[in-house]
Every structure is written in C-alpha cells, then in structure tokens.
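I set out here what I looked up in the structure shown below. Each entry records one topic.

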Amino acid sequence: MTKKELFDPNPSGLIEHDHNKDGIDRRGFLKCMAWAGTGALCVMGGGVLKSYALGSKMGSEMKAHKMGQLSFVQISDSHMGFNKPANPDVIATLKAAVDKINALPEQPEFLLHTGDISHLSKPSEFDNVDQILKATNKEIFFVPGEHDVLNDDGAMFRERYGKNSKGQGWYSFDKNGVHFIGLVNVMNLKAGGLGTLGNEQLEWLEGDVKHMKPSMPIVVFAHIPLWSVYPQWGWGTNDSAQALSYLKKFGSVTVLNGHIHQTMQKVEGNVTFHTAFSTAFPQPAPGAPEGPGPMKVPAEHLRSVLGITDVNYVQGRHALGLVDSSLV
Amino acid sequence: MKRRLFVSTLAVVLPLALSAVLLLYPARARSEGKSSATEVQIDNFSFGPETLTVPANSTVTWVNKDDVPHVIASNDGLFKSKALDTDDKYSFTFIKAGTYPYYCSVHPKMVGKIVVQ
C-alpha cells in the first residue's frame, strides 16, 4: 500500500466498466490489475465488475464477507530453493505470507496452492514449504507447477500431494456447496506449445461435471493460466477452451491460476479468470522488453509485489469475491 | 631394492607424464578455442544461436545463463537433459548428419535446432 501512488491514478473509487457487456473494457481491466497490486477487492456481481481499494469503500463488502459461507486463500509460486537477486530469501517471504493468512479477520477454511511449490523439484524444497505452511493449521490442496515435476513426470509430487488424485494429479472435491476442480497443465508439453491438459484429463473433467446442477458454483484451479494471457511467453493453455466448454452451463465459474507472478483478472460471461501473486518473486508485465524472467525490484518494494489471494463465497451471489493482498 | 624400483619407475613415468602434458596442452587449447562454435547459451528464455550448424561427431553443450531452470529435450525423444539450474551444462554428441529440432520441455515456447553436416 505504501507505493499506491505509483499505480493508482484514480484513487477516488470505482474503476470504469462497460454497462452494456458482461465483461469490462481494456482500460477497466488494466486498472483492476494495477489496483490489485496494491491490495484491492474485485467483486463480480450481476455482470458488473467492481473494484475498491482496500481500506476505502469496502465496508459493505466486508460485511458481506463476514456472512460468507466459504472463505479460502490461494497462494502460489513459492519457488522454494530460488536464491537469485530477485529474492534471495524466499523462506522469509513465504513465512510473511503465512503471517498474512493467520492475521486475516475471517479465517479461511483451507488453502489452495496453485503450483511451483519448489524451484527445482527437490525433496528438501518441498519439505521446507510443508514445514512453513504447517503454521497455518489449514488443510491445503495443491496442483503442480512445471517446477514441481522437472525430472520425474510428477511422481514425487503425486506421492506427496496427490494421493487421491487421478491421472497425472487432477481431482475434484466439494466444500460448502462449491465444487472445486484441480487441474494439471504442466506436463507433456510439446515443442512450440503452451500449457496442456490432454485428452484423458478433458474426458475426466467432462464426466466430473456432467450431472451437476448449473447452480453449483465452480472453482477451477491450475498452475498455468487457462486463458490466453500472453501466448508469446507461453502464458496460456492450448486446450483450455475445450475444458471451459464443459463449464458453460454453470452460472458461476471462477478460474484461479498462478505461473505469471502477478495479479490479473478477466471476466468472460459467467467465468472470472484470476491469477495470483507469487510469494517468491515478481515477473514483468506481458510483453515487457526484458522478457519473462524473474524481475528484480528494489528490496524495499519486493513485498509490495508478492502476496496472497483471499476468496469468499456468499450463497445467492453470482460470483466469488477475490481480494489480492500484498505482503506489506 | 624397493627404493631402486621406485626411482626407476619415476624415471620412466616422469618423462612420459611431461610429454603427455606437452602433447595434450595444445590439443586442449585448440578444443577450447573451438568450443564457442559448439555451445548454445540459454539466456532470457531463448537459445543462442537458435540454429547451430556443426560437423558430424560434434559435441554440443548447452549452458543455462537464466535464473530459472530449463530442460533440453529433442522433439523426437533422442536426447533429454535433467533440469539445468543456473550455469549448469548439458552435452550431447551428434554422430549423424541431419536436423535435430529441440525445445525446453519446461517452457515449450523455447525452441532451437542443431544442424549436423
């Protein structure tokens, strides 16, 4: 929040949106991105995306959250083992994320980790993350990032985190009337391509949601974005459109991803796409001339570009509330 | 007796070792000079050069200069490295002429090819 003036040219209130469409215009979208980086609340309701700066107009929204029937937190891209200049101490920042979670006024029921738990798929890296996350006292659901399956096609990952999963590690579960689907799109990647779900997983997904009522809220979580953020850098998934076609009948679909180490949101019809902060290091905005590698920011700014996502579901509302909070 | 054997052994081994060093040194210097032509640098999520042309029986070495790991994998499965962390290297010897496209199996947008003549 300290660097708010850098990001926020319009501190007075709502972002702009197009009333004639369900989505938002590009300008509104970009503003939402910018606000999210400083700690913002984006709520999708009745086809209109609203965004409030944390601590300003969000009193009424916070009341809604208190009545919320389900609250959980997404964390992502811990990259345990990374020690380059972009963040020489990923242990400290993951611990700061845990402190942030433990300080939330409404405690989440569980955590989702959307992959890149480790940097090099080493057992010691997974051990460190497990040890640090234990301090949340929460159940944690994981999907792998490409850094978690580097040398063994994910065998160790599944042994640790996917004992009840199908295929290469996908699974689904219900919590408080919300259906959660964890997908794997970081394996069997083909030359020149993007993230891949594959036919076996797509068939499973189709069957998983076939007999579900359209009123069931759906949360899909996977590492690489299931929307086309920036294909030139591989920030997208080849066969995500087919996966989403199975979810068309549902009134509320929330897609949570990581991988790109920055918050972004897009709304398309009934689907809200959202990417989370990393807890380790930021990456540049899509298309930035320096390329997609870890981005070095001044040390005193690092924790303002890392963070967590708090997600709240209130029964009867169209969409889930997503609050991105930076570590400071 | 033992001592004499040791001395005579030394007398034989030392000149041999010396000449070996003399023989090998220029050879090593030569191969070092050549190595830039058979090295692919991985930098900022790309292979440099993207297309590398080498004679048959060349050993190509990839060096990862990025802050993130990469995996070298040929499109047809002929070769695949372990995850290469920063400054890690991987080498493969190309015996036969042909074109060998490869990519990073972690970041598949990264592609390159080795042309063996």
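In which order do the strands of the open sheet of chain A lie, and what is their pairing? I found 6 strands in the order β6-β7-β8-β9-β11-β10, and the pairing is mixed. Strands are DSSP runs of E with at least two residues and helices are runs of H or I with at least four residues, both numbered from the N terminus. Two strands pair if DSSP finds at least two bridges between them.

**Basis of the entries.** I noted that this is a predicted model, in which local features need pLDDT of at least 70 and side-chain atom pairs count only at pLDDT 80 or more, while totals for chains, interfaces and linings use all residues. Residues are numbered from 1 along each chain as its sequence is written, and chains are lettered from A and ligands numbered from 1 in the order in which they are written.

**The sheet of chain A.** I looked up the edge strands, which pair on one side only: they are β6 (171–175) and β10 (264–268) of chain A. From one strand to the next, the twist averages 15°. I then followed the pairs. β6(A) and β7(A) are antiparallel, with 5 bridges, and A:Lys175 has A:Val178 in β7(A) as its bridge partner. The hairpin of these two strands leaves 2 residues between them, and A:Asn176 there has a positive phi near 45°. Strand β7 (residues 178–182) of chain A pairs with strand β8 (residues 218–221) of chain A in the parallel sense, over 4 bridges. Opposite A:His179 I found A:Ile218 in β8(A).

**Strands of chain B.** I read strand β1 (residues 39–43) and strand β4 (residues 58–64) of chain B as a parallel pair over 4 bridges. B:Glu39 has B:Thr61 of β4(B) opposite. β4(B) also pairs with strand β6 (residues 89–94) of chain B, in the antiparallel sense and over 6 bridges. In that pair, B:Ser58 stands opposite B:Phe94.

**Two helices of chain A.** I recorded an angle of about 30° between helix α4 (residues 90–102) and helix α5 (residues 123–133) of chain A, with the axes 10 Å apart. Axes are lines fitted to C-alpha atoms, for helices over the stretch in contact, and angles run from 0 to 180 degrees between N-to-C directions. α4(A) and α5(A) are therefore roughly parallel (angles under 35 degrees count as such). I looked up the residues that meet, where contact requires C-beta atoms, placed from the backbone, to lie within 7 Å. A:Ile91, A:Leu94, A:Lys95 and A:Val98 of α4(A) meet A:Asn128, A:Val129, A:Ile132 and A:Leu133 of α5(A). By class, this contact has 6 nonpolar residues, 1 polar and 1 charged. Ala, Val, Leu, Ile, Met, Phe, Trp, Tyr, Cys and Pro count as nonpolar, Asp, Glu, Lys and Arg as charged, and the others, Gly among them, as polar.

**Where the chains meet.** I noted 18 residues from chain A and 19 residues from chain B in the contact. The side of chain A that touches chain B has 8 nonpolar, 7 polar and 3 charged residues.

**Confidence.** The model scores ipTM 0.79 and pTM 0.80. pLDDT is the predictor's confidence in each residue, from 0 to 100. Chain A averages 84, and 79% of its residues score at least 70. Over residues 1–68 of chain A the pLDDT stays under 50, yet the model has 105 contacts for them beyond four places in sequence. Chain B averages 81, with 68% of the residues at 70 or above. Residues 18–36 of chain B have a pLDDT below 50, and beyond near neighbours in sequence this stretch has 0 contacts in the model.

Note on methods: Angles under 35 degrees count as roughly parallel, over 145 as roughly antiparallel, 65 to 115 as roughly perpendicular and the rest as oblique. Two residues are in contact if their C-beta atoms, placed from the backbone, lie within 7 Å.
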